[in-house]
Amino acid sequence: DLWRFLFGLPVLLSGIQLISLPFMPESPRYLFLKRKDRRKAKAALRKLHGINEAASSIAELEIEAEKEAAEPHFSYLDLFRDPYLRYPLFINFGLQMAQQLSGINGVFYYST
């Protein structure tokens, strides 16, 4: 008779997570590397790790930003343009389609 509570538990946990989300700081790595906002990244690091750790973490993020800038840009279209990546990609597409169309997921689901 308590099985109904099992269906309500994920809703309760999702509600708690949804309510607490505005109080969570943004990712310092995202703020620093993607948004280029050093001040907000440092504030988020202070909130997460404390004042002493923030300076060393900012230095690590600066090193990571330099490494990221030195790497060549890669897009999803490059998967189709590069012949060394195109072949494995189409093999993967074929295997995924075969798995979905054969119904093996249903067998795996009901066999456990």
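Visitor: How many residues has helix α1, and how far does it reach from its first C-alpha to its last?

Guide: Helices here are DSSP runs of H or I with at least four residues, numbered from the N terminus. The expected span of a helix is 1.5 Å times one less than its number of residues. Helix α1 (residues 3–20) has 18 residues and reaches 27 Å from its first C-alpha to its last, close to the 26 Å expected. The model is predicted, so local features need pLDDT of at least 70 and side-chain atom pairs count only at pLDDT 80 or more, while totals for chains, interfaces and linings use all residues. Residues are numbered from 1 along each chain as its sequence is written, and side-chain values use heavy atoms, with hydrogens and water left out.

Visitor: Where does α1 bend?

Guide: The bend at a residue is the angle between axes fitted to the seven residues ending there and the seven starting there. In α1 that angle is about 25° at Leu9, and Pro10, a proline, follows within four residues.

Visitor: How many residues of α1 are buried?

Guide: Buried means under 20% relative accessible area, exposed means over 50%, and partly exposed is in between, with a 1.4 Å probe and protein chains only. Of the 18 residues of α1, the number buried is zero, so the helix lies largely in the open.

Visitor: Which residues form the largest nonpolar core?

Guide: A nonpolar core is a set of buried Ala, Val, Leu, Ile, Met, Phe, Trp, Tyr and Cys residues joined through side-chain atoms within 4.5 Å. The largest one here has nine residues: Leu31, Phe32, Leu33, Ala41, Ala44, Leu45, Ala54, Ile58 and Leu61. At least two residues of this core come from each of α2 (28–33), α3 (38–49) and α4 (51–70).

Visitor: What does Phe32 touch?

Guide: Contact means heavy atoms within 4.5 Å. Leaving aside residues up to four places away in sequence, Phe32 touches Asp37, Arg38, Ala41, Ile58, Leu61, Glu62 and Ala65.

Visitor: Which residues of α3 are buried?

Guide: One can look down a helix axis and take the arc of the directions from the axis to the C-beta atoms. In α3 the buried residues are Ala41, Ala44 and Leu45. They cover an arc of only 100° around the axis, which puts them on the same side of α3. These buried residues pack against α2 and α4. Arg39 and Lys47 are exposed on the other side of α3.

Visitor: Which residues of α4 are buried?

Guide: In α4 they are Ala54, Ser57, Ile58 and Leu61. Seen down the axis of α4, they fall within an arc of 110°, so they line one face of the helix. What covers them includes α2 and α3. The face turned away from the buried side carries the exposed residues Asn52, Glu60, Glu66, Lys67 and Ala70. As for length, the 20 residues of α4 should span 28 Å, and its end C-alpha atoms are 30 Å apart, which agrees.

Visitor: Where is Lys36 found, and what is its phi near?

Guide: Most residues other than glycine have a negative phi. Lys36 has a phi near 60°, a positive value in a residue other than glycine. Lys36 is found in the loop between α2 and α3, and at 63% relative accessibility it counts as exposed.

Visitor: How many aromatic pairs does the structure hold?

Guide: Rings of Phe, Tyr and Trp (its six-membered ring) pair if their centres lie within 6.5 Å; planes under 30 degrees apart count as stacked, over 60 as edge-to-face and the rest as tilted. The structure holds two such pairs. The rings of Phe80 and Phe90 have centres 6.3 Å apart and planes at 55°, so this pair is tilted. Phe80 lies in helix α5 (residues 77–81) and Phe90 in helix α6 (residues 83–102), so the pair ties together parts that are ten residues apart in sequence. Ring pairs link Phe80, Phe90 and Phe93 into a cluster. Phe80 is partly exposed at 39% relative accessibility, and Phe90 is partly exposed at 46%.
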